[in-house]
Amino acid sequence: MTPEILQADEKYQQWHGCDHSCLLVLSGKNFTGNSSTSLSWLSPAAVTVTEQLRDQQQLVAYYYCQVDPTMSDRKCPPLQDVMASLVYQLVELRPELIRSGVQNLQAIVTSENWNHEDEGLALETMRDCLIDLFQSFSPEDVVTLVLDRMDRCRVGDDKLSGWRLLTQLLQVFKRAACTVKILVVTNSTSLRLGQDQRERLKSVGGDFYVDKLDWHQQSERSKALNPSR
């Protein structure tokens, strides 16, 4: 994955160019001849977006859930840690949030509900916390969240149910005071959205939801045969 390939993609252009809140999910798998690593060929897209926004001094918070090619399932990051990092980064973007009524953030991210092993309860707590934060931004603000390898997150000892997290993120858009752009990158080998789940996300998100779920890495031979892909 290169910046040029990403920026030429129609789905990415739709997400990047829209003037309203939007969630983009990129998912695919590595070329089978490159199966020696559990890293995703799509992850550089998350890095590209993050670095470009930071270079432009835009508001962005990010988390890369896997940076070690040999990371075992036991070392997968808890969703609670991932979301707490995003929350603290948002506060760093707008330190005045601490003085504007969002004073109990630390209590929230260390609360029993936030750290509950019941995925539904934990996700609802995280959703409400993000809503409170984004209501404190101004309408002119555009804030981007980048979450790479969501499929590597876990809740307790279990893998995260990705579509449920995506559903809760879409709920955030409806109550945010600012424009929120979210990029989520997953490996479809680890987490694949079923057709029913995808339709539900589209139903909930409408124009706020865009995805490209079968963006698989091509072999060099396939590239030569299909240069336009």
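Trainee: What makes aspartate 141 count as buried?

Mentor: Its relative accessibility is 10%, and buried means under 20% relative accessible area, with exposed being over 50% and partly exposed in between (1.4 Å probe, protein chains only). So 10% lands in the buried class. Before you go on, this is a predicted model, where local features need pLDDT of at least 70 and side-chain atom pairs count only at pLDDT 80 or more, while totals for chains, interfaces and linings use all residues. Residues are numbered from 1 along each chain as its sequence is written, and side-chain values use heavy atoms, with hydrogens and water left out.

Trainee: How do you know that aspartate 141 forms a salt bridge with arginine 94?

Mentor: The closest N and O atoms of the two are 2.9 Å apart. A salt bridge needs a side-chain nitrogen of Lys or Arg within 4 Å of a carboxyl oxygen of Asp or Glu, so the pair qualifies.

Trainee: And why can we say that this pair ties together parts of the chain?

Mentor: Arginine 94 sits in the loop between α4 and α5 (105–109), and aspartate 141 in the loop between α6 (119–134) and β3 (142–148), so the bridge joins parts 47 residues apart in sequence.

Trainee: Is arginine 94 buried or partly exposed?

Mentor: Partly exposed, because its relative accessible area is 22%.

Trainee: How many salt bridges are there in the structure?

Mentor: Four. Among them is the one between aspartate 151 and arginine 149, at 2.8 Å from N to O. Both ends count as buried, because aspartate 151 has 3% relative accessibility and arginine 149 has 1%. Arginine 127 and aspartate 128 also meet in a salt bridge, at 3.0 Å. There the ends are partly exposed, because the values are 21% for arginine 127 and 34% for aspartate 128.

Trainee: What makes the span of helix α4 close to the expected one?

Mentor: Helix α4 (residues 79–93) reaches 21 Å from its first C-alpha to its last. The expected span is 1.5 Å times one less than the number of residues, and for the 15 residues of α4 that gives 21 Å. Its buried residues include Leu79, Val82, Leu86 and Leu90.

Trainee: Which residues is threonine 125 in contact with, leaving aside its neighbours within four places in sequence?

Mentor: Ile108, Ser111, Asn113 and Trp114, where contact means heavy atoms within 4.5 Å. Threonine 125 lies in helix α6 and is buried at 15%. A polar atom of its side chain is 2.9 Å from the backbone oxygen of leucine 121.

Trainee: How much of the chain counts as buried?

Mentor: 48% of its 229 residues. The chain has nine helices and seven strands.

How values were computed: Helices (H or I, at least four residues) and strands (E, at least two) are DSSP runs, numbered from the N terminus. A polar contact is a pair of N or O atoms within 3.5 Å; within protein, one must be able to donate a hydrogen and the other to accept it, and residues adjacent in sequence count only if both atoms are side-chain atoms.
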